[in-house]
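Try each one before reading its solution.

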Amino acid sequence: MSTAPADRRAIGELLLDADLQARQLLMDAEGDDAPAMLRTWGEVVQVASDLWSALPTEPNPSPVDGITMQRLEAMSQAQHRAQLSQGWPGEGPADERLLSIADNLSRAAELAAGPGRDVRLHTPAARADLSAARMRVMHTLYVGAHAVGVAVHHHVEDVRRTRSRSSTTRDTRALPRGREAGTRIAAFEQVAGAYVGNRFSRAMAGQHVDPPRGTGRLHQALATWDVQAHRSLAVAPTVANLHLSSRTQAMVATASTAILAAASKTGHIDGDAFHYRLGPALDANQRAWAGTANRWSALITRGERSDPALIHAANEVRAAIHEVAFDRTRWASPETMAGRVDLGQAAATVQQAMVSAAELSCVHRDVVTQEPDLSGSARTLAAWTREAGEAYVARGGDERRVEAALVPPGDVHANRASPLPEPVRKDLAAEAQHLVDVSETTMSVSSSAVTLAAAARQPSADEGCARCRPEEKDPTNPGHNQGPAVER
């Protein structure tokens, strides 16, 4: 694994990323995630409290601000002590998604405790920006707690349904202690939710956002991401790296759709070409990358982490995209994007990202088909192998081949990393080839649409003459427009 370079994101960008990751966690939370999430949740709350303390103090601070975070920190510490005394969920891997949120909050706390720590909030705009930062932190804890609670609830239900005489003591402990953990998390969520209330959108309206200086950062971030994705998958072709690279590409495809849609509405690319050809191709591309990311997500072994340099590159891509195409709580309108950057340049930049994505899809396919040591979660592999085996036998296949491909029971029980069985690898290879086909189509369609749009914006020979200064015109030359010079 390579070492990640220094994180150059601003506090607002770090908080936005943490909040969006919490929302994604809520959509992805499953019962098997609960033990790791409970082990990690206390760290998220602790760094959030550190950040809260490091933020500047208002002249007349609201007592609700300080006491709410103190209550949440006390509740988290009490839950952590209970988990230690009860021995559940016990030792084990942390949840990497919550660690990523904690990393963002920790970095924001470092920045807040730096030279700007003693800043005085003289203006209403500065106080509104501080309120937005605090609201973003609290909203991250609110959504994150809900995600942990959902995972714990599913875990308890899973254990209850599968409990049998052969259940271990640890499985038995998971029922009452899981219910208690769920109650504590629900209380935490309600306290954080009371602070957020219905004020989130209003608070975000006061957030200060520095406008981007052109599309240079976006271009650099996407180019660096492309290089790092190739390096990481060449050195460490793991499921975690495959998941992060495909998830980031799905996000790039989503952002490209938003940027190119804005470019079509503002006349930078042809509207009909986007509506009938480019838009559908981008949608298919986003679905293909997102489906691939979901596949790899299910195969990640608990505790497995992506290359730090790849994580850093993905973080910078998200920050650069949000700077151009995001507006506090949602995708920005075409008018907002046009006010920030030249949408013609932005369209050309994301089109190059589609070209890179087509080549990266080939790398994914090569890893799936050629990497002999590729392994994944034994439980997921066992379920997929059974499904594939049943379909294979139903088509008249040899049942003995299915039995030979089954995942060892010991690996399934411990959920260890297990080599990919042949049926699973074949399914993944077919999906990877579909990803290549879709990505190539998107590259072709985007190239033609953006190239034609760029050509249409180039001045013709006559337009070039029209831009000449009056004193440079030659009235004897019929090729020159004899009217006054016009700036178009």
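**Exercise 1.** Find which residues Leu260 is in contact with, leaving aside its neighbours within four places in sequence.

Residues are numbered from 1 along each chain as its sequence is written, and side-chain values use heavy atoms, with hydrogens and water left out.

**Exercise 2.** Work out which residues have the most contacts inside the largest nonpolar core.

*Solution.* First, the term: such a core is a set of buried (under 20% relative accessible area, 1.4 Å probe, protein chains only) Ala, Val, Leu, Ile, Met, Phe, Trp, Tyr and Cys residues joined through side-chain atoms within 4.5 Å. The largest one holds 65 residues, and Ile259 and Leu260 have the most contacts inside it. Next, look at the suppliers: α8, α9, α10, α11, α13, α14 and α17 each give at least two residues. The largest share, 13 residues, comes from α9.

**Exercise 3.** Decide how far to read residues 458-488.

*Solution.* Begin with pLDDT, the predictor's confidence in each residue, from 0 to 100. Its mean over the protein chain is 85, and 84% of the residues reach 70 or more. Over residues 458-488, however, the pLDDT is below 50. Where pLDDT is low, the predicted coordinates should not be read in detail.

Terms used. Predicted model: local features only at pLDDT ≥ 70, side-chain atom pairs only at ≥ 80, totals over all residues. Buried < 20%, exposed > 50% of the residue type's maximum accessible area, 1.4 Å probe, protein only. Helix = DSSP H or I, 4+ residues; strand = E, 2+ residues; numbered from the N terminus. Contact = heavy atoms within 4.5 Å.
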